[in-house]
Amino acid sequence: MQRIGVFVCHCGTNIAGTVDVAAVSESLGKEQGVVFSTHYQYMCSQAGQDIIKNAIAEYKLTGIVVCSCSPRMHETTFRKTAAAAGINPYMVEIANIREQCSWVHKDTISGTEKAIILGKAAVAKVNLNAPLTPGETPVTKRALVIGGGIAGIQTALDIADAGFPVDIVEKKPTIGGKMAQLDKTFPTLDCAACILTPKMVDVAQNDKIRIFSYSEVTSVKGFVGNFDVTIKRKARYVKEDVCTGCGACTEKCPQKKVPNEFNLGMDNRRAIYIPFAQAVPKVATIDPDYCMMLKTGKCGVCSKVCTAGAIDYKAKDEYVEEKYGAIVVATGFNPISMDKFDEFAYSQSKDVITSLEFERLTNAAGPTQGKLLRPSDGEHPHTIVFVQCVGSRCDSCSEKGKEYCSKICCMYTAKHAMLTRDKYPDTDVYVFYIDVRTPGKNFDEFYRRAVEEYGVHYIKGMVGKVSPEGKKLMVQASDLIAGKQLHIEADLVVLAAAIEPDKSARPLATMLTASMDTNDFFTEAHPKLRPVESPTAGVFLSGACQGPKDIPETVSQAGAAAAKVIGLLCKDKLTGNPCVAHSDEMMCNGCSTCEKVCPYGAITYVDKEFRMPDRTTRVRRVAQVNEAVCQGCGCCTVACPSGAMDLKGFAGKQIMAEVDAICR
Amino acid sequence: MADMERKREQILRISGVNPRKCMRCGKCTATCPSYDEMEYHPHEFVYMVETGEIEPLLKSESLYKCLSCMACVERCPRGVEPGKLVEAIRLVAVREKGGDRITANDIPALLDDEMPQQAIVTAFRKYQK
Amino acid sequence: MSMKNIENNNETYRPLIVAFCCNWCSYAGADLAGNNRLAYPADVKIIRVPCSCRVNPTFILRAFQRGADGVIICGCHPGDCHYTSGNYYTRRRMSLMFSMLDYLGIERERTRVEWVSAAEGAKFAATMNDFCETVAKLGKNKRLEDLRCKQ
């Protein structure tokens, strides 16, 4: 028989304004098992918690019901209070009479009535509660970072700095991500490579960090502290530990007509390639779609010129299995496809390019060695039109674009415009904008400099149509402030394409059971208070996979994610959730139904000896729950045909008692 | 005033357009092929309907300069569909004029070999005023 | 129209509605409805379960036996289940359960499965308003009520 104490909180006037708390307290005091009932202004305050502690001692309480705000808010608080007063924390139940009662019902009579019923349900449940002890699980002190862009690099470096081993999985042959493709960075105009490549070298030289480049995560099992991850190492046909990165093969390969994805297809590379000079790891990779040796078996030039003997045409995909305590997602972004925007003639003219292509055109390591030349004829463009918000800020039903603001375009367009005017003062630069959005340290100053010092023509309006005519691009646009329609003869049109999460993010989210929003950005555990954690314990978010971000923001989020990972890996043991499934072996008939529905594979069957009444022993096949793996969803409890399976903390009897209390 | 409000409601109902969705980018106006002919331009139509300035629009020649090419509808990033708004305002203006449109009886007299039938039909619909 | 009739006939009649909400999405959605002060009838009494798949059909039978007028089960949207696949089981189990209840004479409108995410406070309140109204129109549930279960 339980001795239950009921504590009704006023929450100032939040609850007491609508609910007659004294009546609730009095009514619940008459319930079965209740030996003490009171109400107080703020139960969660120190004084309120003291009332609970004193009552536990005075009335020798074995269970507690707190009628207050949502258990999502203060369940932990009151469990700690109970534990401090010497009773099991899982003997506490919360009746949610704020969020689900006083705040949504205006009428005092019906509000009070409902509060009493909710309290009765909680009392009925506590009557059947049993003390629970959470199991402890060890923590694998190794972190996995998925994605090797600046977000992943910074997270890995910070975690390694705290002394924990980290693995980076990158699907491309090199780490570096989008930042490696950029020329300069706003608002300071540092050269992107100059600030990124030292970090890439740090990663390569750090003995705590392993890089799995040209690899993908194919399966994730387990839970916080104990993830089992399978990594597919795609065959690169070059032995990573043997290749010296001399590049002889990449010069001799006869297959010269492979579009170079690092330069967004604006020039060609060989079938065996190193993406760029500062690649990490600096190892060649054979592109199986173009290599003649792999396709027809006739060639083998690279293997002949390789003095290190690193080429291996017979290489196969390999699978690595590794255990991790924490996983950081840093899968990043891509510009959206411009194929659906016919009005800008992107697919008709080579001289209509995206901003990322413009980055490559102005990059010293790019296809034009940093000279700004038209992709079509290699001539210097004299009139350049930048179009903002291409595919950003579209209608929610739009099939072409995205509903959100891509956040980085205003700033990089100002940068492009400024750099162009700086290097080529004879160029006319027009920027068509809807709004110029520059919130950030030194951002608006940067944009104003583009206008005031560099004479970039910022025009409020949008480009409606781009039509190639001869060597020129006819741009038809509106100038909303002058109330004019403009016709500009341009040499080059640059589209600020919206950015979207990388396509690999969706299947990854499914593997991680991490939730995503409708745009495939990962959702955070709390938009304000837990911005780098995913709702799934042990999974953290870094960079643009969570939302559009510029480099400074990405780096700070990467550091924050690393801090959270370090906080987790520092622990030797994690206390689990004690509300796990439990099978009554005497009732189990060994049918395996529960094993099939369990999403975690937490149930196994064992043959066990049972003593019969006639003193013989019999071997029966019964279900056993691995409490460390069980997450407590309760799916098995419903599937079990014999009613042997039950969920601690949410037992069938307890929920039934709640139903009874509500329907009384 | 109440009359204008009623007309505004009517225009919104016929067109199905919600002018509040407009983010004032001006892509409709940028894309309009009869820009030079028009007194009010697609984005102004949207803005003026939103603010309730219906009167000048109903009187404007722009209504009949619109080619109904629907380029603005196609290109609008916010799905506002200014072209449909112009159509609706034209319809309201035509309904208002009522009697002075050509009637079916007038058509045989206008027909000759030179005149394309489509032109008569179009005139029947919108130009006769 | 019929809503008014019922109110006229029996002004004190309010339906009794039991809502099972999963801890991760719908219960949080109900909390959000509270945070935003989005009103819905006090007839709805929420029971927190870890996942919608924890809802045993016997709980629903028990609720109807005990005189509940409607039962609603809320879970995460398909694909968003905190436990990966729990709500898929709910969907299948409940479609069978509801058709059986229908056979027993419990109208289909008295039972419902809804997906409400943690961000959908407005949807939660709207769903509850709609469900209460629908059940109120049907009037009191007498079909499965078991007097032996009444105290």
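I will go through chain C, then its contact with chain A, then the contact between chains A and B. Please keep in mind that this is a predicted model.

Chain C to begin with. Its secondary structure amounts to five helices and four strands. Following the sequence, the order is α-β-α-β-α-β-α-β-α. The chain has 151 residues, and 58% of them count as buried. If you take the contacts in chain C with a separation of 6 or more, 83% of them are between residues 24 or more positions apart.

Now the contact between chains C and A. Chain C puts in 36 residues and chain A puts in 38 residues. Which elements of chain C each supply at least two residues to the side that touches chain A? There are helix 2, at 26-35, strand 2, at 44-49, helix 3, at 57-65, and helix 4, at 86-103. Of these, helix 2 of chain C gives the most to that side, with six residues. Sorted by class, the side of chain C that touches chain A has 20 nonpolar residues, eight polar and eight charged.

Let me stay with one helix pair in this contact. Helix 18 of chain A, residues 652-662, packs with helix 3 of chain C. The angle is about 20°, and the axes are 9 Å apart. Angles under 35 degrees count as roughly parallel, so helix 18 of chain A is roughly parallel to helix 3 of chain C. The crossing of helix 18 of chain A and helix 3 of chain C is right-handed.

Which residues meet there? From helix 18 of chain A we have A:Ile655, A:Met656 and A:Val659. From helix 3 of chain C we have C:Phe59, C:Arg62 and C:Ala63. By class, the residues of this helix contact are five nonpolar, no polar and one charged.

Last, chains A and B. Here 19 residues of chain A are in contact with 14 residues of chain B. On the chain A side, strand 24, at 463-469, and strand 25, at 472-479, each supply at least two residues. The side of chain A that touches chain B divides into eight nonpolar, seven polar and four charged residues.

To go back over the main points: chain C follows the pattern α-β-α-β-α-β-α-β-α. Its side that touches chain A draws the most from helix 2 of chain C. Helix 3 of chain C and helix 18 of chain A pack with their axes 9 Å apart. Strands 24 and 25 of chain A each give at least two residues to the side that touches chain B.

Note on methods:
Residues are numbered from 1 along each chain as its sequence is written. Chains are lettered from A and ligands numbered from 1 in the order in which they are written. This is a predicted model: local features need pLDDT of at least 70, side-chain atom pairs count only at pLDDT 80 or more; totals for chains, interfaces and linings use all residues. A residue is buried if 20 or more other C-beta atoms lie within 10 Å of its own, exposed if 12 or fewer, and partly exposed in between; C-beta atoms are placed from the backbone. Two residues are in contact if their C-beta atoms, placed from the backbone, lie within 7 Å. Ala, Val, Leu, Ile, Met, Phe, Trp, Tyr, Cys and Pro count as nonpolar, Asp, Glu, Lys and Arg as charged, and the others, Gly among them, as polar. Axes are lines fitted to C-alpha atoms, for helices over the stretch in contact, and angles run from 0 to 180 degrees between N-to-C directions. Angles under 35 degrees count as roughly parallel, over 145 as roughly antiparallel, 65 to 115 as roughly perpendicular and the rest as oblique. A crossing is left-handed if the near helix is turned anticlockwise from the far one by less than a right angle, and right-handed if clockwise.
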